[in-house]
Amino acid sequence: MNVLVTGGAGYIGSVTTELLLDEGYETVVFDNLERGHREAVDPRARFIAGDLRNPADIAKAMQAVKPDAVIHFAAYALVGESMEHPELYFGNNVRGGVNLAEAMLKTGVRRIVFSSTCATYGQPERLPITEDMPQRPTNPYGESKLMFEKILVWYQRLKEFQPVFLRYFNACGASSKYGEDHDPETHLIPNVLKVALGQGEQVPVFGEDYDTPDGTCIRDYIHIEDLARAHLLALKNPFCGALNLGTGEGCSVLQAIGAARRITGHPIPVKFLPCRPGDPARLVADARNARKVLGWTPDRSRVDDIVQTAWDWHRAHPDGYGKKS
Ligand code: UFG
């Protein structure tokens, strides 16, 4: 099977590409390297440089590769940035997606596994979150992902597309080769590990008075190798529709920091700051459908495994990609 991976130089794309190649899939990465890293592309993959916002780039790549399926990661993914620059999110995530779908249509490619997010649900009415709950995003990032889900639903009804929407909760951890390198870094676990590496004095903790047992936000952290495996299972399965990918277990900010203290042996001081606007107190997945439909069970997503794998990667790449110790 021949798979085109858009955004294969990014965090989740790089690890999924690695797994596809390990499992014998012919894999082509399409990426503009604006936020991804050439070093994060497995050398066994064919690489095509291109930007989804340029219809000719993706049309040409699709024609050249004629894949059996597309896994679509390429997108902007910073909630805060999306509130300041919604045009970036609708331009890249929606217009880029439309160009991708058009190129698939012209080439007769129907299967697409789309990297979606729990941010499409917004503030949930109850927990854990099931796939049929209302999708009311609270930021342009979540809205842009939801818009492309809806576009694909219409292509499914009218053009025989076979889309799967994988709605990730909090992606984290690393494989032995590929890890998280964003600029700016806004995510909890890499920010905590930066302090352990001596690259920061204190971890900012946003909010200490949430209605949670220790007052800090609860999230459902899911290891990227578990996420990557779900994409491969989705390729092999005829299912179309949405699946949540999480563990069903919540972990607070202070619990994650506690795990990092145990694993790194560093005291990791914290500084409590006001809540980040728009951060819901708790987000936890009901991922029973992914188990039922795909036979997917996360097995790398204990918080200690997540922090340990991320720590190993950050120690080996203290300055991210490009510079290695
Ligand atoms: N946090 C801190 N300090 C930090 C970074 C984060 O206290 O330095 C807190 C946040 O306030 C939040 C939790 O840690 O309570 C997790 O924050 P992340 O930024 O790591 O992740 P988010 O839950 O905000 O965002 C993730 C994905 C988004 C997705 C979102 C869905 O990164 O792409 O889940 O809600 F949209």
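Modeller: What follows is a set of questions and answers on the sheet, the domains, the salt bridges and some backbone features.

Modeller: This is a predicted model, in which local features need pLDDT of at least 70 and side-chain atom pairs count only at pLDDT 80 or more, while totals for chains, interfaces and linings use all residues. Residues are numbered from 1 along each chain as its sequence is written, and side-chain values use heavy atoms, with hydrogens and water left out.

Biologist: What makes strand S4 and strand S5 a pair?

Modeller: Two strands pair if DSSP finds at least two bridges between them. Strand S4 (residues 69-72) and strand S5 (residues 111-117) have four bridges, in the parallel sense, so they meet that definition. The names S and H stand for DSSP runs, numbered from the N terminus: helices are H or I with at least four residues, strands are E with at least two.

Biologist: What is the strand order of the open sheet, and which are its edge strands?

Modeller: The order of the seven strands is S3-S2-S1-S4-S5-S6-S11, with parallel pairing. Strand S3 (46-49) and strand S11 (241-245) are the edge strands, because each pairs on one side only. The twist averages 20° from one strand to the next.

Biologist: Which helix lies across S4, S5 and S11, and at what angle does it run to S6?

Modeller: Helix H7 (residues 224-236) lies across these strands, as well as strand S1 (2-6) and strand S6 (162-168), and runs at about 165° to S6. Axes are lines fitted to C-alpha atoms, for helices over the stretch in contact (heavy atoms within 4.5 Å). The angles run from 0 to 180 degrees between N-to-C directions.

Biologist: Where do the domain bounds come from?

Modeller: They come from an automatic or database domain assignment. The assignment gives domain 1 (2-171 + 222-245) and domain 2 (174-219 + 249-284 + 299-322). Their C-alpha centres lie 25 Å apart, and the contact takes 26 residues from domain 1 and 24 residues from domain 2.

Biologist: How much area do domain 1 and domain 2 bury between them?

Modeller: About 2100 Å², 57% of it on carbon and sulfur atoms. Buried area is the accessible area (1.4 Å probe) that two parts lose on being put together, summed over both.

Biologist: Why is the pair Arg 229 and Asp 299 called a salt bridge?

Modeller: The rule asks for a side-chain nitrogen of Lys or Arg within 4 Å of a carboxyl oxygen of Asp or Glu. In Arg 229 and Asp 299 the closest N and O atoms are 3.5 Å apart, so the pair qualifies. The rule finds three salt bridges across the interface of domain 1 and domain 2, and the structure holds 19 salt bridges.

Biologist: Which peptide bonds are cis?

Modeller: Leu 127 and Pro 128 are joined by a cis bond, with omega about -10°. Another cis bond runs from Asp 183 to Pro 184, with omega near 5°.
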